[in-house]
Amino acid sequence: MSDDDGQISVYDEVEIEDMTFDEDMQIYHYPCPCGDRFQIALADLQDRETDIAVCPSCSLMIRVIYEVEDLWREKEEEPEPEPEKAQAEQAAAAQVPVAA
Ligand SMILES: [Zn+2]
């Protein structure tokens with residue numbers, strides 16, 4: 001019988017804001033002492049699939065401390081503000097009678 005209840009021994013715990021996000025790869029990464037980088041996919045964090053980032057070179061692991069709302073998200077394209085319609089109405093009633 002194993003007393004391993006799902007706890008994974010990790011090298012360190014890192015706050016999400018200390019990690020670097022790669023927009024092209026859609027992954028977070030963090031420098032590993034071996035010279036490579038721990039990495040974890042954004043989608044895994046969003047889905048709460050895992051919070052363990054792994055270094056592919058030395059297989060050290062770190063736990064990522066984060067809240068889903070802190071995760072990177074694609075900037076929503078803001079709709080262009082509609083240019084104000086020029087009010088071309090002329091106040092035709094504003095004719096001032098010329099005083100004689
Ligand atoms: Zn490493």
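**Reading the chain, feature by feature**

Reply: Welcome! Of the 100 residues in the chain, 11% are buried, where buried means that 20 or more other C-beta atoms, placed from the backbone, lie within 10 Å of the residue's own, exposed means 12 or fewer, and partly exposed is in between. This is a predicted model, in which local features need pLDDT of at least 70 and side-chain atom pairs count only at pLDDT 80 or more, while totals for chains, interfaces and linings use all residues. Residues are numbered from 1 along each chain as its sequence is written.

Me: How do I read the two faces of a strand?

Reply: In a regular strand the side chains alternate between the two faces of the sheet. Take strand E6, residues 61–65: Ile62 and Val64 are on its covered face, while Met61, Arg63 and Ile65 are on the uncovered one.

Me: And what does E6 pair with?

Reply: Two strands pair if DSSP finds at least two bridges between them. Strand E1 (residues 12–15) runs parallel to E6, joined by four bridges, and valine 14 has valine 64 as its bridge partner. Strand E5 (residues 52–54) is antiparallel to E6, with three bridges; there alanine 53 stands opposite isoleucine 62. E5 and E6 form a hairpin with six residues between them, and serine 59 in the turn has a positive phi of about 60°.

Me: Which residues make up the largest nonpolar core?

Reply: A nonpolar core is a set of buried Ala, Val, Leu, Ile, Met, Phe, Trp, Tyr and Cys residues joined through C-beta atoms within 7 Å. The largest one has eleven residues: Met19, Ile27, Tyr28, Cys32, Phe38, Ile40, Leu45, Ala53, Cys55, Ile62 and Val64. At least two residues of this core come from each of E3, E4 and E6.

Me: Is proline 33 buried or exposed?

Reply: Proline 33 is exposed, because 11 other C-beta atoms lie within 10 Å. Proline 33 sits in the loop between strand E3 (27–31) and strand E4 (37–41). The C-alpha atoms of proline 33 and leucine 60 are separated by 9.1 Å, with the two residues 27 apart along the chain.
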